[in-house]
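Open the model in your viewer and keep the sequence panel beside it. This tour goes stop by stop: what to select, then what is there.

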Amino acid sequence: MTSLQPIRGTHDILPDEYPRFAHVVEAARAVTRLYGYREMATPVFETTEVFARTSGETSDVVMKQMYSFVDRGGDPLTLRPEYTAGICRAFITNGQQQNVPFKVFAWGPMFRYERPQKGRYRQFYQLDIEVIGSPEPGADVEVIAVGADILDRLGVLKDCVLELNSLGDSESRAAHRKVLIDYFKAHEARLSEDSKSRLERNPLRIFDSKDEGDRALLPNAPLLKEYLTSSAQGFFAGVLRGLDDMGIAYRVNPHLVRGLDYYTHTAFEFVTTNLGAQGTVLAGGRYDGLIEQLGGPPTPGIGWAAGIERLMMLAGAPESAPRPVALVPLGEAAERKALSLARDLRRRGIAVELDYKGNMKRRLQRANKAGARAAVILGDNELAKGVAAVKDLDKGEQKEVALAALAEALSG
RNA sequence: GCGAAUGUAGCUCAGUUGGUUUAGAGCAUCGGAUUGUGAUUCCGGGGGUCGCGGGUUCAAAUCCCGUCAUUCGCCCCA
């Protein structure tokens, strides 16, 4: 099969659409810079181990969503399904322990083998920030604030709700997990099929279930928050206090869980109802054990990821690019003169459209379509006088300008 | 992985219960009216394996089966 169809779940970003994409990245870049984050990038693929070990062997991402393959050298590799693991790997292998807190911003394509639908692709783009090496609740607050500010800059914060929860430390989670499984096991017959499979995998997920039978069991189910150690409780209280101090609105959702196993303490997501079934716009949490799992020294971390396509769907159109001027030479002498003239104007920072062929009518039509603000008409008459006819394409007014004064006349 | 809907020109769509020998429209595109002036108008041109494959029929864009893709939902997630 040599079909030219794009791979399922992939999509092209054509020039008409790209400014919206760039607008999202620019907003994130600007805000993260204000908070002292530095931009970086990592490879789009890693050894499979990097993702398998960190995301959790039983997570959906590892079990069925990874694009994995064996390369010619026989190594098992995987296209990154998320950014955090790769950045942590980079932190370790580049010896950045001396650089904590390691505050970074990154963006790029991610790959997940899923059924595509609105706001969900197999190759999609994410924004990502991480703070590695800060164990304080203040880091959680800052990371959330960065997310809120980016959403605000894009004009979508007002359509989002920040939900958060504490997943506690590993001690809290282990204790709770045990009671929770016992509780649901006792009522296993009433659980939905989905929840039965969630039981061993990620019992917390059952709290999210939409199934009637599952929901009936929830009121009496043991809540994680009752099993939080006092230090975990204190940590979460610190995060909430910081959000209050910053004036960031939130809703504590005791049922909030994350899909990746490495999260501890704070888990949060900005959700919207404007995206159909894919309500999550920006989500993340703390992952204090992750670096150690990867083979690094015990190092805390926190971060989030946001789907660029989802943000594009919510955000308004960016400001349009500066309008060019169109050069319209008539005749061979003028066409030759136009080459150097166009280059000179461009060097002075003026965007110039210059067609390679066509009569005047044709070129003016193209100038119009290119959104040009003015046409610079250059024919034998003008050349002889050392001027150009500059036509304002909005007003329709035309006047003669000396070639030497052209750049100045067009800068205004 | 599961369920449902939809695939006709570059785009948006029409195509009546299968039946008028070349499958239509608008927009877009190209050319001309106007070889030195961009809205508009007028005239004309190009562009279609009717998603793909098979089947039923005298006859299929239309009915049936399969397949691929898209969309929506479930699962899950950004």
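Select Phe111 and Gln123. In this predicted model, Gln123 of strand β6 is the bridge partner of Phe111. Now widen the selection to both strands, β5 (residues 102-111) and β6 (residues 123-132). They run antiparallel, joined by 10 bridges.

Stay on β5 and turn to its pairing with β1. Strand β1 (residues 38-39) runs parallel to β5, and two bridges join them. Select Glu39: opposite stands Phe105 in β5. Nine of its 10 residues are buried, so the strand is mostly covered by the cut-off of under 20% relative accessible area.

Next, the aromatic rings. The whole structure holds seven aromatic pairs. Select Phe21 and Tyr125. Their ring centres are 5.1 Å apart and their planes stand at 90°, so this pair is edge-to-face. Phe21 sits in helix α1 (residues 18-34) and Tyr125 in strand β6. The pair links distant parts of the chain, 104 residues apart. Phe21 and Tyr125 are both buried.

Move on to another pair, Tyr183 and Phe184. Their rings are also edge-to-face, 5.3 Å centre to centre with 70° between the planes. Are these residues buried or exposed? Tyr183 has 16% relative accessibility, so it counts as buried. Phe184 is at 0% and therefore counts as buried too.

Now select helix α6 (residues 170-186). Its 17 residues reach 24 Å from first C-alpha to last, close to the 24 Å expected at 1.5 Å a residue. Colour Ser172, His176, Leu180, Ile181, Tyr183 and Phe184: these are buried. Look down the axis of α6. The buried residues fall within an arc of 160°, so they line one face of the helix. On the other side, pick out Ser170, Glu171, Lys178 and Ala186, which are exposed. What covers the buried face? Show α7 (193-201), α8 (212-217) and α9 (230-246); the cover of the buried residues of α6 includes these helices.

Last stop: zoom out and colour chain A by domain. The domain assignment gives domain 1 as 18-169 + 229-314 and domain 2 as 325-411. Taken over C-alpha atoms, the centres of domain 1 and domain 2 are 50 Å apart.

Definitions and conventions:
Residues are numbered from 1 along each chain as its sequence is written. Chains are lettered from A and ligands numbered from 1 in the order in which they are written. This is a predicted model: local features need pLDDT of at least 70, side-chain atom pairs count only at pLDDT 80 or more; totals for chains, interfaces and linings use all residues. Side-chain values use heavy atoms; hydrogens and water are left out. Buried means under 20% relative accessible area, exposed over 50%, partly exposed in between (1.4 Å probe, protein chains only). Helices (H or I, at least four residues) and strands (E, at least two) are DSSP runs, numbered from the N terminus. Two strands pair if DSSP finds at least two bridges between them. The expected span of a helix is 1.5 Å times one less than its number of residues. The arc is that of the directions from the helix axis to the C-beta atoms. Contact means heavy atoms within 4.5 Å. Domain bounds come from an automatic or database domain assignment. Rings of Phe, Tyr and Trp (its six-membered ring) pair if their centres lie within 6.5 Å; planes under 30 degrees apart count as stacked, over 60 as edge-to-face and the rest as tilted.
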